[in-house]
Amino acid sequence: MMNKTTSTSTANEVNQFNQENPVLHEGNLHLTIVKNEEEMSQAAAELVHGQLAQRPNSVLGLATGGTPIGMYRQLCRNKADLSKATTFNLDEYYELPRHHPQSFFQFMKEHVYDPLLPLSYDIPNGEAANVEQECVRYETAIRRAGGIDLQVLGVGRNGHIGFNEPGTPFLSRTRLVALKQETVEDNARFFGDVGLVPTQAITMGIGTILEAKAILLLASGAVKAKALHQLLYGDISPGVPVTALRLHPAVRVIVDEEAASLLERLSD
């Protein structure tokens with residue numbers, strides 16, 4: 001856990017919300033606080049563009065959900081060139097057909113695959129007849145691609161990354177998981193009814209995520225404030241999966257003011 005001196009320093013940085021694009025370094029974490037979700041998306045897209053400019057054949061780990069949509073829109077608007085890149089997705093619902101409008105495959109097809117073709121992509125097959133074999137296939141595909149250069153993540157309000165729920169071992173690999181009730185409830189907004197949300201998913205494990213060369217974590221809205229606070233100041237624990245990122249040597253965190261709201265009180 002970070003010491004009092006670090007906490008006070010962090011609080012002083014966060015309180016400078018009136019400054020443009022305040023930035024904070026916390027060991028291996030590089031935290032950028034922007035005004036709102038739009039600025040978060042723009043900053044994230046610029047970082048991805050920088051990655052592609054430096055290495056056009058980058059292997060990108062991509063996320064779904066509400067958080068990265070703005071980033072994808074920015075990439076599409078600026079016509080990002082992924083023609084030499086390869087992408088892998090964090091997760092996919094289990095036993096949800098790929099043609100289902102709420103499958104992560106359809107999400108990626110709408111926001112990334114179709115607009116930014118040509119590109120090489122892979123995503124877990126939630127319809128696989130042998131799910132264990134599919135998980136092994138996915139891990140093998142990532143290794144054969146040379147590993148992930150930049151992994152994009154969101155964070156759940158309970159601190160999950162990918163679909164790695166609280167209690168997930170940090171050495172976990174791609175596997176079938178059961179979703180916590182609060183995760184199911186959070187995702188109900190996409191399905192219209194909580195009873196329609198799948199309760200299982202295939203997800204990259206925390207161990208898989210931590211093997212990425214660099215990680216970009218995005219968070220917006222007050223609902224993510226507690227998870228961000230735990231990332232920066234909580235104990236590193238499987239009980240809060242996002243804290244595993246403190247074990248990684250190169251993590252960039254971009255959040256809006258609402259997600260950073262709890263950090264103001266760290267010096268109290």
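Reader: How much of the 268-residue protein chain is buried?
Author: Buried residues make up 55% of the chain. Keep in mind that this is a predicted model.

Reader: And the accessible surface, what does that come to?
Author: About 11900 Å² for the protein chain. Carbon and sulfur atoms hold 49% of that.

Reader: How many helices and strands?
Author: The chain has 8 helices and 11 strands.

Reader: What share of the contacts with a separation of 6 or more comes from residues 24 or more positions apart?
Author: Those pairs account for 77%.

Reader: On to the largest nonpolar core. Which residues touch the most other members?
Author: Met71, Tyr72, Leu75, Leu82, Met108, Val112 and Leu218, out of 40 residues in that core. Several elements each supply at least two residues, including α3 (69-77), α4 (104-113) and β10 (214-219).

Reader: What does Met108 touch, beyond its sequence neighbours?
Author: Leaving out residues up to four places away, Met108 touches Leu62, Ala63, Thr64, Tyr72, Asn89, Tyr113 and Ile123. Apart from this core lies another, of 37 residues, with Leu31, Ile161, Met204 and Leu228 among them.

Reader: Switching to rings. How many aromatic pairs are there?
Author: A search of the whole structure gives 9. One is Tyr72 with Phe107: the centres are 6.4 Å apart and the planes sit at 70 degrees, so this pair is edge-to-face. Tyr72 is in helix α3 and Phe107 in helix α4, 35 residues apart.

Reader: Is Tyr72 buried or exposed?
Author: Tyr72 is buried, at 2% relative accessible area. Phe107 counts as buried too, at 14%.

Reader: What about the rings of Tyr93 and Phe104?
Author: Their centres are 4.6 Å apart with planes at 35 degrees, so that pair is tilted. Tyr93 lies in strand β5 and Phe104 in helix α4, so the pair ties together parts 11 residues apart in sequence. Tyr93 is buried at 1%, and Phe104 is buried at 10%.

Reader: Last one, Val242. Where is it found?
Author: Val242 is in the loop between α8 (225-233) and β11 (251-256).

Reader: Why does Val242 count as buried?
Author: Because its relative accessibility is 1%, and buried means under 20%.

Reader: What does Val242 touch, not counting residues up to four places away?
Author: Val155, Gly159, Ile161, Leu217, Ala227 and Leu231. Take Ile161: Val242 is 81 residues from it in sequence, but 5.9 Å away in space, C-alpha to C-alpha.

Methods:
Residues are numbered from 1 along each chain as its sequence is written. This is a predicted model: local features need pLDDT of at least 70, side-chain atom pairs count only at pLDDT 80 or more; totals for chains, interfaces and linings use all residues. Side-chain values use heavy atoms; hydrogens and water are left out. Helices (H or I, at least four residues) and strands (E, at least two) are DSSP runs, numbered from the N terminus. Buried means under 20% relative accessible area, exposed over 50%, partly exposed in between (1.4 Å probe, protein chains only). Contact means heavy atoms within 4.5 Å. A nonpolar core is a set of buried Ala, Val, Leu, Ile, Met, Phe, Trp, Tyr and Cys residues joined through side-chain atoms within 4.5 Å. Accessible areas come from the Shrake-Rupley method with a 1.4 Å probe; for residues, only the protein chains shown count as cover. Rings of Phe, Tyr and Trp (its six-membered ring) pair if their centres lie within 6.5 Å; planes under 30 degrees apart count as stacked, over 60 as edge-to-face and the rest as tilted.
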